[in-house]
Amino acid sequence: GTQTITNNVDLTKGGLVWLKRRDSTQDHGLFDTERGVGKYVQSNGTDAEASQSTSLTSFNSNGFTLGSLFLFNDASTRTYCAWTFRKQPKFFDVVKYEGTGSARTVAHSLGTTVGMIIIKNIDQTDNWAVYHREAYDQNAGADYVLHLNTTDARTNSSDYLNDTAPTSSVFTVGTDH
């Protein structure tokens, strides 16, 4: 059946829900308000976006509602964990943009210098790219990237963030994103 999760986080203003079954290696599910209900990506893999109408069914003013999809809401003795992030200046933002294959800037609404960026191509199989301000040479810009779905060491490549550190209003993507 369905289940409403009340955590007093207002997702009607935008945000993200990250779900994971705790007692197995089952996939993670990331749902955000930019793409809407029923659409998710799995942070532990490279798959494109999945759509399932019985997964997360609504973003509410005090939490969210899950449908009957067993991956995220099984009625047996399975346990789950959910992390919820509300869009908020100087804390968290969700941005959807169309890749062009060329380097370009993408606006965000944080209003402060970005500490971490997670990027996923939702249209095709691809690694997750992660920028973190502590994972790069402070004098060289954003020249290193991590991959959320692998155990690889950081990679020095301009393909992801074009070797350009983010600012309080934009981040730069390279030719791979």
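## Salt bridge exercises

The count here comes to six salt bridges, a salt bridge being a side-chain nitrogen of Lys or Arg within 4 Å of a carboxyl oxygen of Asp or Glu. This is a predicted model, so heads up: local features need pLDDT of at least 70, side-chain atom pairs count only at pLDDT 80 or more, and totals for chains, interfaces and linings use all residues. Residues are numbered from 1 along each chain as its sequence is written, and side-chain values use heavy atoms, with hydrogens and water left out.

**Exercise 1.** Work out whether Asp 10 is buried or exposed, and do likewise for its partner Lys 13.

*Solution.* Start with the contact: Asp 10 and Lys 13 pair up at 3.8 Å, N to O. Next, grab the cut-offs: buried is under 20% relative accessible area, exposed over 50%, partly exposed in between (1.4 Å probe, protein chains only). Asp 10 has 16%, so buried. Lys 13 has 52%, so exposed.

**Exercise 2.** Classify both ends of the Arg 21 and Asp 23 bridge.

*Solution.* The closest N and O atoms sit 2.7 Å apart. Arg 21 is buried because its relative accessibility is 12%. Asp 23, at 40%, is partly exposed.

**Exercise 3.** Find which parts of the chain the bridge between Glu 34 and Lys 87 links.

*Solution.* First, the distance: 3.5 Å between the closest N and O atoms. Then place the ends: Glu 34 is in the loop between strand 3 and strand 4 (39-40), and Lys 87 is in the loop between strand 8 (80-86) and strand 9 (104-107). Strands are DSSP runs (E, at least two residues), numbered from the N terminus. That puts the partners 53 residues apart.

How values were computed. Helix = DSSP H or I, 4+ residues; strand = E, 2+ residues; numbered from the N terminus.
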